[in-house]
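This briefing covers aromatic ring pairs and the charged side chains placed over ring faces. The model is a predicted one.

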Amino acid sequence: MNAHPPLQERALAALSSAMPADLFLTDTDAMERYSRDWSGDHYARPLIVARPRSTAELSSLMKCCHEQQIHVVPQGGLTGLVGAAVPSYPGGELVVSLERMNKVRSVNAIDFAIVVEAGCILEDAKRQAETADCILPITFGAQGTCRIGGNVSTNAGGFNVLRYGMTRDLVLGLEVVLADGRVWDGLRTLRKDNRGYDLKQLFIGSEGTLGIVTAAALKIFPMPDKVETALVGLRSVEDAMQLYARARRECSDLLSAFELLLRGGIEIALNARDDLRDPLDQPYPVYVLIETSAAGRVDLRALLEGFLADASDLVLDGVIASSKAQADRLWLLREMMVEAQGRGGRYLRTDVSVSISSLASFVTDTLEALAERHPEAIAVTYGHVGDGNIHMNIVPPENMSANRFDELFHATEEVIFDMIDKHGGSISAEHGIGRVKQAAFLKRADPLTLELSRRIKDAFDPSHLLSEGRILERVEAGAGE
Ligand SMILES: Cc1cc2nc3c(=O)[nH]c(=O)nc-3n(C[C@H](O)[C@H](O)[C@H](O)COP(=O)(O)OP(=O)(O)OC[C@H]3O[C@@H](n4cnc5c(N)ncnc54)[C@H](O)[C@@H]3O)c2cc1C
């Protein structure tokens with residue numbers, strides 16, 4: 001047990017007089033796993049970690065923190081990657097981990113809705129939906145770790161956005177504890193509700209800066225009993241986007257994923273695992289992983305086979321998975337690519353978007369600019385292109401010094417973001433702004449957007465105690481600085 005530093009001691013004394021002691025972790029070792037995010041790039045020790053068991057307990061805690069002017073940051077599964085969920089300076093912020101509020105409160109196959117607590121791991125919520133023969137369609141690589149509160153607060157997307165929408169499209173209602181401890185109860189499963197301002201929309205994607213989500217009611221859908229997966233090789237990103245436009249029309253809108261993978265990413269995946277094989281007989285510059293899914297009387301296999309045969313002017317070669325195991329192997333290539341990039345250490349992650357019709361020119365122009373200005377940078381390009389969302393990551397060449405990589409990191413990010421500006425896109429399509437993208441966001445946001453955003457923050461958290469310094473700049477120096 002470490003001796004409590006004075007600030008922690010004072011905060012703990014004030015909080016534990018009103019709250020049960022087993023709510024808190026204060027030991028440096030016990031707090032370690034709440035100090036670092038999935039990437040390991042962001043690290044800071046919390047002032048205290050609080051792990052409430054109920055909305056009422058969190059509400060009392062937040063009232064105390066408000067009275068004591070203690071800064072708070074909510075934490076889910078720590079997969080957000082923009083430095084938003086870890087403390088923003090060592091020993092100065094109390095972390096609220098929602099991990100003990102992890103129940104599924106109800107699944108209703110007539111409302112097609114699931115009500116789930118914020119600390120529930122996404123994969124567990126998906127499993128519960130399956131017990132009612134339904135699908136909760138938020139699907140991506142981190143689903144075994146990220147939590148529902150984090151998904152709501154980052155407006156998470158994933159592989160199935162083109163079919164079912166982002167988290168924002170799936171939220172029917174929310175329960176939220178505000179910075180002063182009051183509970184905003186908007187936890188409904190109503191499909192239609194036009195009573196005044198739709199306040200829940202403000203909490204979605206607000207990265208914990210306006211309130212702490214304690215539960216969410218989410219849409220679920222009939223479970224597709226047929227899924228077909230194909231991987232095809234193509235000449236160019238331009239051809240991939242042509243194929244996408246045709247697939248939307250010709251596959252009766254049953255497309256549920258359309259993932260772009262450039263050859264460099266496939267090679268990273270193949271090098272990472274000996275048991276992975278090149279999926280087609282010869283390498284192609286561009287690949288697309290296509291998934292269609294449906295329930296009911298559709299011959300999905302014939303649909304996909306017919307579609308790909310008719311697209312032989314674009315598709316150079318391809319494979320349709322003949323079993324679930326083979327489909328899983330195709331998806332493994334996509335997953336390994338993401339995992340393997342980080343094996344050599346730090347790398348630049350971007351999660352940008354442009355309109356779908358601009359995606360091919362954005363990728364071509366950016367890769368050309370990177371090759372010309374920074375030929376040493378290894379660009380790894382992939383994404384959920386069915387919704388215009390692309391990752392253009394930069395892996396450093398072997399043996400590059402940390403200092404040199406820092407320079408390359410900033411210079412290549414600038415090239416990518418400048419190109420995003422030229423194509424009218426967004427510098428954050430997935431992970432949010434947090435602290436990592438704050439400077440780039442503030443530089444680009446128009447003054448009226450910033451003024452309105454600051455007023456919203458002031459209305460919900462006038463003392464600026466909640467996730468201060470994320471998205472918007474820090475207003476007030478907090479305790480501990
Ligand atoms: C391998 C990998 C793949 C990914 N793929 C995708 C993808 O395809 N699409 C995508 O959108 N994202 C993706 N992400 C990003 C990430 O998984 C999502 O942003 C996810 O929604 C974050 O959830 P979390 O529980 O880990 O949140 P955390 O990282 O813990 O927190 C994220 C933000 O939400 C806030 N927060 C957390 N819980 C609450 C709460 N209860 N109330 C209020 N605020 C809260 C935090 O303070 C922080 O600002 C990926 C990440 C990884 C590591």
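**Aromatic contacts**

The structure contains seven aromatic pairs. A pair of aromatic rings is described by the distance of the centres and the angle of the planes.

Tyr-284 and Tyr-287
- The ring centres of Tyr-284 and Tyr-287 are 6.4 Å apart and their planes stand at 75 degrees, so this pair is edge-to-face, the cut-off for that class being over 60 degrees.
- Tyr-284 is buried, and Tyr-287 is buried as well.

Phe-405 and Phe-409
- The rings of Phe-405 and Phe-409 have centres 5.6 Å apart and planes at 85 degrees, so this pair too is edge-to-face.
- Helix α14, residues 402–422, holds both Phe-405 and Phe-409; the two are four residues apart, about one turn of the helix.
- Phe-405 has a relative accessible area of 5% and is therefore buried, since buried means under 20%.
- Phe-409, with a relative accessible area of 15%, is buried by that cut-off.

Aromatic cluster
- One aromatic cluster is formed by Trp-184, Phe-203 and Phe-460.

Arginines over ring faces
- Phe-409, a member of the edge-to-face pair with Phe-405, also has Arg-346 over its face, at 4.8 Å from the ring centre.
- Arg-349 lies over the face of Tyr-347, and its distance from the ring centre is 5.1 Å.

Note on methods
Residues are numbered from 1 along each chain as its sequence is written. This is a predicted model: local features need pLDDT of at least 70, side-chain atom pairs count only at pLDDT 80 or more; totals for chains, interfaces and linings use all residues. Side-chain values use heavy atoms; hydrogens and water are left out. Rings of Phe, Tyr and Trp (its six-membered ring) pair if their centres lie within 6.5 Å; planes under 30 degrees apart count as stacked, over 60 as edge-to-face and the rest as tilted. Buried means under 20% relative accessible area, exposed over 50%, partly exposed in between (1.4 Å probe, protein chains only). A charge sits over a ring if NZ of Lys or CZ of Arg is within 6 Å of the ring centre and within 35 degrees of the ring normal.
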